[in-house]
Amino acid sequence: MASSMKSSLILFFTCSLFLQVTYAVYKTEVKCESLPNGDCAFAISSTGKRCVLEKATPQDNLISSEYTCKTSEVMVENMKEHIETDECIESCGLNRNFFGISSDDLLEPQFVSKLCSPPCYQQCPNIVDLYFNLAAAEGAYLPNLCNKNKKLLSSGAAEEGADAPAPSPSSF
């Protein structure tokens, strides 16, 4: 009987701990202003707005850094509370100290090559969504840019049927 009671207590405490950890994970909010600079770029807040690394202003009252993480006005559809993984940052050719996001990056063949590579394009929907929207704002279509870049890098010998897929809204 004592052995059964011990087992029940152990099971109870294990389940209780699991529930507490699960509750804490789901209750955690991502607030851009609370993120360390190293997690800011390419993060999405709990409200669905993108986080951006900006130059600190005197109102920020920062001593140790000239940059601070802020909430932008750019909304992300179907994604919230996301801090980009190191794997995506690396495979997409980005870095954590990214300051200011610009569509100018899409003019750089080396960057577009990394962005359109399968490890980035197929595994990092947040980053692909960001650059898909940046390209669209400039009147371009990211899958077309990927295909043109592929042809450029292969000196016009691109394979037929190797088009980059258009990101589906349901995947973001």
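Which residues are buried in helix α4 (residues 109-116)? The legends below begin with that helix and then turn to a loop residue and to the disulfides.

The model is predicted, so local features need pLDDT of at least 70 and side-chain atom pairs count only at pLDDT 80 or more, while totals for chains, interfaces and linings use all residues. Residues are numbered from 1 along each chain as its sequence is written, and side-chain values use heavy atoms, with hydrogens and water left out.

View 1. The buried residues of α4 are Phe-111, Val-112, Leu-115 and Cys-116. An α-helix has 3.6 residues a turn, so residues three or four places apart point the same way. The buried residues of α4 pack against α5 (118-121), α6 (125-137) and α7 (142-153). Buried means under 20% relative accessible area, exposed over 50%, and partly exposed in between (1.4 Å probe, protein chains only). Helices (H or I, at least four residues) and strands (E, at least two) are DSSP runs, numbered from the N terminus.

**View 2. Ser-117 in the loop between α4 and α5.** Ser-117 counts as buried because its relative accessibility is 17%. When neighbours within four places in sequence are left aside, Ser-117 is in contact (heavy atoms within 4.5 Å) with Ser-91 and Gln-122.

**View 3. The disulfide of Cys-32 and Cys-51.** The whole structure holds five disulfides, each a pair of cysteine sulfur atoms within 2.5 Å. In this one, the S to S distance is 2.0 Å. The torsion about the S-S bond is about -75 degrees, so the disulfide is left-handed. Cys-32 lies in the loop between α1 (2-27) and α2 (37-40), and Cys-51, 19 residues apart from it, in strand β1 (residues 49-55). Both Cys-32 and Cys-51 are buried.

**View 4. The disulfide of Cys-92 and Cys-120.** The S to S distance is 1.9 Å, and the link is right-handed, with 100 degrees about the S-S bond. Cys-92 lies in the loop between α3 (86-91) and α4 and Cys-120 in helix α5, so the pair ties together parts 28 residues apart in sequence.

**View 5. The disulfide of Cys-116 and Cys-146.** This link is left-handed, with -75 degrees about the S-S bond. Cys-116 belongs to helix α4 and Cys-146 to helix α7, so the pair ties together parts 30 residues apart in sequence. Cys-116 and Cys-146 are both buried.
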